[in-house]
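Subject: Structure for your review

Dear colleague,

Please find below the structure that I would like to hand over to you. My notes on what was found in it follow directly after.

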Amino acid sequence: MKTLKYAAAASMLAVALPASAQQLSIATGGTGGVYYPIGGGFAEMINNHIEGAQATAEVTGASVENMGLIMRGDADLALVLADTAYQAYTGTGDFESRQIENTRALASVYPNAVQLVTLADSDIHSIADLAGKRVSVGAPGSGTELNARAVLEANGVSYSDFTPQRLNFNETADAIRDGDIDAGFWSVGPPTSSILNLAATRDIRLIGLSDEEIANAQEAEAVFAPYELAADMYDGMDEAVQTIGIPNVLVVNADMDEELAYQLTQLLFENTDELIAVHPAANDTTVEFTMNSTPVPLHPGAIRYFEEVGADIPDRLRQ
């Protein structure tokens, strides 16, 4: 189901925050991805609907950097890939020895898709063909790089097999267009503007994953799930492409005021149409998706909202 209608749902007008409310910073990603428009859209919703609150979307290096911003209190909310949030919360993977136990979620907003793009006349047809090539694996500190590395290593491909470049989404698209690199990874909600713009100027091909490659990736990362990129999503894309998807989570610090967390969660789910108008990825912003996909505990304020609307909250999301 795309939506749930709850009796408790009501249109948000102006909900007053405590007198101590402060400017809110939302950590997003690069301007060529989906985090930035989604974060900017939610900031505008906060400004329009929560009295006394002012929110700003910040351009960042995305998921890994965003978790550090939440830990240090330099951002109030952040969009983060599920595997990054889980690693931060558990102190595993890239967050070994720097666990962020105070990680809490308000919601899972939409799924990312790992998208591997090359030019249509390239001799790259699979991830094995990346050997000896110049490949962008995403910006430093991004969830894209975490996902790319996980998919590659799970299938026997390491950075030593090719020349890795750490470029953000717009830089990756420009480098592919100009012939400076041979392929690039995106982990982002499709369709994304930087690939759309690239496809408008060059003939591109998206590289799919086999069933075996997806199974290997899922074994390495439990948050991975099969995902199909629809035909015609980008210019010249005649057939659907099989890849993997990863939920994106709206995270906060456990120290966030409970009333504020409650109001932010209520705003997100009761005015989702405003976010969909900003980017179609928000069509997946549902209570069901949050209950099924969130990898870390919910903030108590978010739990209060979900209890009010009658959601069945899994034990793993309670802390």
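Helix H1 (residues 35–49) packs against helix H8 at an angle of about 110°, and their axes are 11 Å apart. The two helices are therefore roughly perpendicular to each other, since an angle from 65 to 115 degrees counts as such. At this meeting place, H1 contributes Phe-42, Met-45, Ile-46 and His-49, while H8 contributes Leu-264, Leu-267 and Leu-268. Please keep in mind that this is a predicted model.

Helix H8

H8 covers residues 258–270, which is 13 residues. From its first C-alpha to its last it reaches 18 Å, close to the 18 Å expected at 1.5 Å a residue. At the start of the helix, a side-chain oxygen of Asp-257 comes to within 3.1 Å of the backbone nitrogen of Glu-259.

How many of the 13 residues of H8 are buried? The count is eleven, so the helix is mostly covered, buried meaning under 20% relative accessible area. Among them are Leu-260, Ala-261, Tyr-262, Leu-264, Leu-267, Leu-268 and Phe-269.

The crossing of H8 past H11 is right-handed. On the H8 side, the residues that meet H11 include Glu-258, Ala-261, Tyr-262, Thr-265 and Phe-269. On the H11 side, they include Pro-300, Ala-302, Arg-304, Tyr-305 and Phe-306.

Helix H2 and its two ends

Helix H2 (residues 63–72) is mostly covered too, with seven of its ten residues buried. These are Ser-63, Val-64, Asn-66, Met-67, Gly-68, Leu-69 and Ile-70. Ala-62 lies in the loop between strand E4 (55–58) and H2. The phi of Ala-62 is near 85°, a positive value in a residue other than glycine. Ala-62 counts as buried because its relative accessibility is 14%. After H2 comes Gly-73, whose phi is also positive, near 80°.

Tyr-227 sits in strand E11 (residues 225–229). Is Tyr-227 buried, partly exposed or exposed? Its relative accessibility is 25%, and it therefore counts as partly exposed. Beyond its neighbours within four places in sequence, Tyr-227 is in contact with several residues, including Pro-111, Ala-113, Pro-190, Val-241 and Ile-244. Pro-190 is joined to Pro-191 by a cis peptide bond, with omega about -10°. Pro-191 belongs to the loop between strand E9 (183–188) and helix H6 (193–201).

The loop between E11 and strand E12 (241–253) holds Asp-232. Asp-232 has a positive phi, near 70°, although it is a residue other than glycine. With a relative accessible area of 60%, Asp-232 is exposed.

An exposed proline

Pro-140 is in the loop between strand E7 (134–136) and helix H4 (143–154). Pro-140 counts as exposed because its relative accessibility is 52%, and exposed means over 50%. Not counting residues up to four places away in sequence, Pro-140 touches Gly-61, Glu-145 and Arg-166.

Yours sincerely

Terms used: Residues numbered from 1 in each chain as written. Heavy atoms only, no water. Buried < 20%, exposed > 50% of the residue type's maximum accessible area, 1.4 Å probe, protein only. Helix = DSSP H or I, 4+ residues; strand = E, 2+ residues; numbered from the N terminus. Contact = heavy atoms within 4.5 Å. Expected span 1.5 Å × (residues − 1). Polar contact = N/O pair within 3.5 Å; in protein donor to acceptor, adjacent residues only side chain to side chain. Left-handed = near helix turned anticlockwise from the far one by under 90°. Axes fitted to C-alpha atoms, helices over the stretch in contact; angles between N-to-C directions. Parallel < 35°, antiparallel > 145°, perpendicular 65-115°, else oblique.
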